[in-house]
Amino acid sequence: MTAKILSAAPVVDKIKNNLIQRCAALKTRGITPSMCVVLVGNNPASLSYVRNKKRMCEEIGAHFHLEHMAQDISPDDFLKRVQNLNQDPSIHGIIIQLPVAEQLKHLNLPNLIDPSKDIDGFHGLNTQKLYSGSRDLSLLLPCTPKGIINLLHFYGVELKGKNIVVIGRSLIVGKPLSMLLSNFDATVVLAHSQTKDLKQLTKEADIVVSAIGKTHFLDQSYFNPSKHTIVVDVGMNTLDGKLTGDVNQNSVKDSVGAMTPVPGGVGPMTVITLIENLIFATEKQIKG
Ligand SMILES: NC(=O)c1ccc[n+]([C@@H]2O[C@H](COP(=O)([O-])OP(=O)(O)OC[C@H]3O[C@@H](n4cnc5c(N)ncnc54)[C@H](OP(=O)(O)O)[C@@H]3O)[C@@H](O)[C@H]2O)c1
């Protein structure tokens with residue numbers, strides 16, 4: 001049996017329609033949700049990510065503000081400008097676009113943003129809520145993990161009691177995701193480059209999430225066809241100029257039950273979840 005493709009498109013459409021309505025409702029109360037991206041310098045990849053965020057904001061009716069800073073901005077000036085944004089009541093969500101310039105790298109960037117405006121979900125006070133066991137998806141949680149949960153919920157994937165292997169232990173994906181899945185009552189193994197017998201683990205798993213960053217790392221030899229494993233591919237890699245995932249889709253398609261595509265899977269879920277965080281943040285800020 002060929003694997004079912006868990007495409008982001010219908011999930012994104014559903015969430016987007018909901019966000020358009022909530023944004024319109026906020027506007028009738030005189031509030032336009034406003035996202036601010038702090039960009040230092042002119043890194044071409046960053047500029048492209050910023051354009052995507054701007055487009056998504058505009059599509060749901062939110063306002064977008066770019067706080068563009070010079071590559072050689074001093075740490076003091078940078079801190080002052082971020083502080084001004086924190087205090088500006090017309091801005092509801094702030095992101096610091098990475099990478100930042102060398103002279104700013106020693107700053108504790110996630111904790112510089114007011115936690116109520118931290119739509120990336122990286123502030124210590126927001127990640128702490130993950131550790132305390134919350135499964136409240138209206139919290140400002142990291143966007144890729146929350147987007148994956150949104151996608152799995154949409155496709156009716158049960159998490160309770162499931163054995164899940166998350167491969168990759170980064171602070172933006174693997175670690176927060178493993179915590180969030182555990183909060184939803186899954187039994188989670190967080191694997192990494194030093195994990196022994198990875199294949200043995202993935203062959204036994206109900207769900208495998210790959211956030212490694214290596215093109216086509218997972219092939220059919222990692223799966224047991226009788227398990228009908230659900231595979232979530234977080235990887236965003238390039239091969240011959242094309243976007244590729246960690247999973248070799250051609251190789252695994254007859255050995256797994258379902259899989260997210262690349263492109264068109266976790267990537268778009270991350271972006272829409274960021275916009276969803278902006279709307280949650282705005283709604284909570286006006287409630288006080
Ligand atoms: N779709 C999206 O929205 C989205 C969002 C974020 C990231 N990504 C993509 O996800 C991928 C991972 O990025 P990231 O920032 O989360 O991770 P990362 O910081 O690049 O770290 C990679 C992780 O993979 C592990 N790893 C490397 N080789 C391995 C191997 N042979 N076997 C098992 N584990 C291995 C590493 O283990 P060690 O810790 O032992 O080194 C590390 O934990 C990249 O392709 C990135 O572009 C996509």
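Author: Helix α3 (residues 75–87) holds both D77 and K80, which are three residues apart, or about one turn of the helix. Helices (H or I, at least four residues) and strands (E, at least two) are DSSP runs numbered from the N terminus. This is a predicted model, in which local features need pLDDT of at least 70 and side-chain atom pairs count only at pLDDT 80 or more, while totals for chains, interfaces and linings use all residues. Residues are numbered from 1 along each chain as its sequence is written, and side-chain values use heavy atoms, with hydrogens and water left out.

D77 and K80 form a salt bridge, with 3.9 Å between the closest N and O atoms. The term stands for a side-chain nitrogen of Lys or Arg within 4 Å of a carboxyl oxygen of Asp or Glu. Side chains of opposite charge can pair when their charged atoms come close. D77 is partly exposed at 37% relative accessibility, and K80 is exposed at 53%. Here buried means under 20% relative accessible area, exposed over 50%, and partly exposed in between (1.4 Å probe, protein chains only).

E102 and K105 make another such pair, with their closest N and O atoms 3.2 Å apart. E102 is exposed at 60% relative accessibility, whereas K105 is partly exposed at 46%.

The structure holds nine salt bridges. One of them joins K16 to E59, with 2.5 Å between the closest N and O atoms. That pair links distant parts of the chain: K16 belongs to helix α1 (residues 9–28) and E59 to helix α2 (residues 44–60), 43 residues apart. K16 is buried, with a relative accessible area of 18%, while E59 is partly exposed at 34%. K16 and E59 are also linked with R55 in a network of salt bridges.

Next, the packing. An automatic or database domain assignment divides the protein into domain 1 (29–113) and domain 2 (142–266). Their C-alpha centres lie 30 Å apart. The largest nonpolar core has 54 residues, and M35 and V209 have the most contacts inside it. Helix α9 (residues 266–287) gives the most to this core, with eight residues. Domain 1 and domain 2 both give residues to the core, so it lies between them. A second, separate core has 18 residues, including V38, L85, I91 and V100. A nonpolar core is a set of buried Ala, Val, Leu, Ile, Met, Phe, Trp, Tyr and Cys residues joined through side-chain atoms within 4.5 Å.

Leaving out neighbours within four places in sequence, V209 is in contact with I148, I164, V165, V166, I167, L177, V232 and V234. Contact means heavy atoms within 4.5 Å.

Q97 sits in the loop between β4 and α4 (124–131) and is buried, at 7% relative accessibility. The side chain of Q97 makes a polar contact with the side chain of K53 at 2.8 Å. A polar contact is a pair of N or O atoms within 3.5 Å; within protein, one must be able to donate a hydrogen and the other to accept it, and residues adjacent in sequence count only if both atoms are side-chain atoms. Beyond four places in sequence, Q97 is in contact with residues including V38, Y49 and V50.

H92 lies in the loop between α3 and β4 (93–96) and is buried, with a relative accessible area of 5%. Among the residues that H92 touches, not counting those up to four places away in sequence, are I31, T32, P33, S34, L278 and A281. H63, in strand β3 (residues 63–69), is partly exposed at 42% relative accessibility.

Last, the ligand. It is surrounded by 21 residues, and the closest are R169, S170, S193, N237 and T270. Such a residue has a heavy atom within 4 Å of the molecule. A polar side-chain atom of K214 lies 3.1 Å from a ligand nitrogen atom.
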